[in-house]
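Me: Please take me through the helices of this structure, one question at a time.

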Amino acid sequence: MRVLYFSLCCLLYSVSVTASVDLEKTMKNMAFQYKQAYDAQSADQMLPLLDELIILTQQSAGADFAADKAEQFKHGLQQVLAELQLARQAATQEDVAQAKVHLQNVDALRKEYHQQRKVSIWRLLFG
């Protein structure tokens, strides 16, 4: 019985450790998928890339963020997810130009939230 309990505990621990999100790696993958989707010439090329972006965005929302910024960043990821879903809807309707407009909105959100993430040197020095 102890062996079974120990095995179960080890299994649950390993699942919880592997379930955490490597946000940096995920964001790099998102950047790559974004570029591929934006460069796509047809809806058929774009749709699988948008699907992957949606999955990666949902995974990113599960990451551990600093407590003071968690709500803000999760809100930003929800905005990105909404734009990606609109881009996917446009691509489904063969409107690649409109899908790219939504992708440009995603890029604007990325720039906005990455700017908020940066900490100024003055804040580091003086708190």
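Me: What distance does helix H4 reach from its first C-alpha to its last?
Reply: This is a predicted model, in which local features need pLDDT of at least 70, side-chain atom pairs count only at pLDDT 80 or more, and totals for chains, interfaces and linings use all residues. Residues are numbered from 1 along each chain as its sequence is written, and side-chain values use heavy atoms, with hydrogens and water left out. Helices (H or I, at least four residues) and strands (E, at least two) are DSSP runs numbered from the N terminus, and the expected span of a helix is 1.5 Å times one less than its number of residues. For the 23 residues of H4 (residues 70-92) the expectation is 33 Å, and the value reached is close to it, at 32 Å.

Me: Which residues of H4 are buried?
Reply: Buried means under 20% relative accessible area, exposed over 50% and partly exposed in between (1.4 Å probe, protein chains only). By that criterion the buried residues of H4 are Ala 70, Phe 73, Gly 76, Leu 77, Val 80, Leu 81, Glu 83, Leu 84, Ala 87, Ala 90 and Ala 91.

Me: Is Glu 94 buried or exposed?
Reply: Glu 94 lies in the loop between H4 and helix H5 (96-117). Its phi is near 65°, a positive value in a residue other than glycine. Most residues other than glycine have a negative phi. Because its relative accessibility is 56%, Glu 94 counts as exposed.

Me: How far apart are the end C-alpha atoms of helix H3?
Reply: Helix H3 covers residues 43-61, which makes 19 residues. At 1.5 Å a residue these should span 27 Å; the computed separation agrees, at 26 Å.

Me: Are H2 and H3 roughly parallel or roughly antiparallel?
Reply: Axes are lines fitted to C-alpha atoms, for helices over the stretch in contact, and angles run from 0 to 180 degrees between N-to-C directions. Angles under 35 degrees count as roughly parallel, over 145 as roughly antiparallel, 65 to 115 as roughly perpendicular and the rest as oblique. Helix H2 (residues 23-39) packs against H3 at about 160°, with the axes 9 Å apart. H2 is therefore, relative to H3, roughly antiparallel.
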